[in-house]
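Thanks for making the time this morning. I would like to walk through one structure with you, and I will begin with a question once it is on the screen.

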Protein chains: 2
Amino acid sequence: MKDLAIGIDIGGTNTKFGIVDAHGNIIEQDRCLTNETEQVQDFIDNLHLKLSPMIERAGGLSRFAGIGIGAPNGNFYSGTIEYAPNLKWRGIIPLAQMVTDRFGLETKLTNDANAAAMGEMMYGCAKGMRHFITITLGTGVGSGIVIDGKIVLGHDGFAGELGHTIIRPGGRLHKGTGIRGTLESYASATGVRETALEKLTDYPEQESLLRDYSINELTSQSVFDCAMKGDKIANEIFEYTGEILGEALANFVMFSSPEAIVLFGGLTKAGDLLMNPTRKAMEDNLIQIFKNKVKLLFSELKEADAAILGASALVYG
Amino acid sequence: MKDLAIGIDIGGTNTKFGIVDAHGNIIEQDRCLTNETEQVQDFIDNLHLKLSPMIERAGGLSRFAGIGIGAPNGNFYSGTIEYAPNLKWRGIIPLAQMVTDRFGLETKLTNDANAAAMGEMMYGCAKGMRHFITITLGTGVGSGIVIDGKIVLGHDGFAGELGHTIIRPGGRLHKGTGIRGTLESYASATGVRETALEKLTDYPEQESLLRDYSINELTSQSVFDCAMKGDKIANEIFEYTGEILGEALANFVMFSSPEAIVLFGGLTKAGDLLMNPTRKAMEDNLIQIFKNKVKLLFSELKEADAAILGASALVYG
């Protein structure tokens, strides 16, 4: 009985992998450094070395339905990673085929944000939903869009780059893309830090606990800590972030009319500080037919597990 | 052989209807006033009266595969028109069922912009494409989104309201929705007129042929006429409109990564005056993986025919 799957999440720093059963339990997991080796083949050999004993302990290859991989710039159609800026491997890497060759198991690959959406649909708070969007608010902003129960891939496999949509035309410059005013420049950990630096500069007279941090130390976590202590500027930073995020979410709703939007990633630790202004701005900017209809949820999956679960869910997708 | 379909396009003023063969030829067509009668049933009886002889001339009911209707606020899932602001009929109208009852033919209904997208897919410049978006630039801005060869309807049937996405936060107030800075407030005939009035007020010293029109007479057509005569302000108006439209299109591309975007409706008569700045702004605001990939096209369907063709295409959708 093929009731197990392998999930592999390739990040810029760490690669997490594990064995997942049909109920979404991670039976065993481990991790390795993504950029430890120069060559992709060495990376795959290393994965195989670590996963082989886990596969044996779980009952051997015959129990496995396949392998799912989430990776930056991963393309589902071709099974390749294409020009991923945060990985050492250059150009177009036919990773799915290489993994299949090494493991002897069918391998599916997509980008990490799409894998996260698959995880939410199979094991998370979007279980049973056929129309939803996941937004990952981490160092950057990722997204996975599900319509009619399927991940939206677009004609070339690259759909769902909502972090790069424009929400403040002429606004903050995104260094990676050269585009101004995109969502990622505001509603990410990096964006929150930048908003903090801007506000501290714009209001030099106003006292704030944030001024106790050195510029290098200041992170979105510092802003959260200060906001929880009642710091005015820190609270305003989340208001501002939520307002921009909520406007962007309204735009997404008017595109695909999802049943829910699931927020995920580091910034969601801010809880109501972020959720309340986000929800208000979203509702304020929706036309009548969409108002008070769209569920705005925080993911309930543990971040460490979600990546592996999401990747493994591709096997059944 | 059921090789014919009836297409009905219900607009705020006119309802157009016709008989369409399997090759997309309109065999016969006619129109009536939408709001001539108070009651929906009277409207349907009137349609039946006009269509019956056409059906007979085409060979009788047995040749018809069904009826397709495009209507404002039309919902495909329920076959209803819901709270359409421009129609006399109030509340929720079960139009598809009522038409089926009167004609004895299966009836499908969706909103007018989705019907236009169906028409482009079956008979227009999106023929054979599985991923594209149509944007109607008329009095308002409508949209139909096709993913994997299917119209995106969303969980409630109302997806694809791209005219109401925000592209200039805090910008122009849309009187119908109360939302500021949405695409429809700029990239519609109404929006172009408003841009003209703004620019004429902002630059009172600058000469312009547009000043020869009375405020009541000034339309997007006047702006086009003046632009063709080399008027500087008129040309700037199209530059400005195109810039905003192009930014919005970039956002849509990053959502669903379509093969093409098809522009349709009155404003497209402006041709390159609108197309060039739109294309530039779109490309400038796309991330690398999407650049120089998305076809930006003007619809080749005649506007009078497209509505009927699109509605009739629902029968085969």
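Which residues does A:His155 touch, if we do not count residues up to four places away in sequence? Before I answer, a word on conventions: residues are numbered from 1 along each chain as its sequence is written, while chains are lettered from A and ligands numbered from 1 in the order in which they are written. What you see is a predicted model, in which local features need pLDDT of at least 70 and side-chain atom pairs count only at pLDDT 80 or more, whereas totals for chains, interfaces and linings use all residues.

The answer is that A:His155 touches B:Arg130, B:His131, B:Ser257, B:Pro258 and B:Glu259, where two residues are in contact if their C-beta atoms, placed from the backbone, lie within 7 Å. A:His155 is found in the loop between strand S11 (150-151) and helix H4 (189-202) of chain A; helices (H or I, at least four residues) and strands (E, at least two) are DSSP runs, numbered from the N terminus. With 20 C-beta neighbours inside 10 Å, A:His155 counts as buried, since the term asks for 20 or more other C-beta atoms within 10 Å of a residue's own, with exposed meaning 12 or fewer, partly exposed lying in between, and C-beta atoms placed from the backbone. Within chain A, A:His155 and A:Tyr77 are 78 residues apart in sequence, and their C-alpha atoms are 9.4 Å apart in space.

That brings us to the interface. Here 33 residues of chain B are in contact with 33 residues of chain A. Helix H6 (residues 232-256) of chain B gives the most to the side of chain B that touches chain A, with 6 residues. That side divides into 16 nonpolar, 10 polar and 7 charged residues, where Ala, Val, Leu, Ile, Met, Phe, Trp, Tyr, Cys and Pro count as nonpolar, Asp, Glu, Lys and Arg as charged, and the others, Gly among them, as polar.

How are the two chains related? Chain B can be laid on chain A with an RMSD of 0.0 Å by a turn of 180 degrees and a shift of 0.0 Å along the axis, which is the relation of a two-fold axis; the superposition is by least squares on the C-alpha atoms of residues with pLDDT of at least 70 in both copies. Of the residues of chain B, B:Ile167 comes closest to the rotation axis, its C-alpha being at 3.3 Å. The same surface serves both copies, in that 100% of the contact residues of chain B recur in chain A.

Let me return to H6(B). This helix has 25 residues and reaches 36 Å from its first C-alpha to its last, close to the 36 Å expected at 1.5 Å a residue, the expected span being 1.5 Å times one less than the number of residues. Because 20 of its 25 residues are buried, H6(B) is largely enclosed by the rest of the structure. After H6(B) comes B:Ser257, whose phi is positive, near 45 degrees, and B:Ser257 is one of the residues that A:His155 touches.

Next, strand S1 (residues 4-10) of chain B: 7 of its 7 residues are buried, so this strand too is largely enclosed by the rest of the structure. B:Leu4, B:Ile6, B:Ile8 and B:Ile10 point one way, and B:Ala5, B:Gly7 and B:Asp9 the other way. In a regular strand the side chains alternate between the two faces of the sheet. S1(B) pairs with strand S2 (residues 14-21) of chain B in the antiparallel sense over 7 bridges, pairing meaning that DSSP finds at least two bridges between two strands, and a hairpin of 3 residues joins them. B:Ala5 has B:Val20 as its bridge partner in S2(B). S1(B) is also joined by 6 bridges to strand S4 (residues 64-70) of chain B, running parallel, with B:Ile6 opposite B:Ile67.

In chain A, finally, 9 of the 11 residues of helix H8 (residues 303-313) are buried, so H8(A) is largely enclosed by the rest of the structure. What covers those buried residues includes strand S1 (4-10), strand S2 (14-21), strand S3 (26-33), strand S4 (64-70) and helix H3 (112-123) of chain A.
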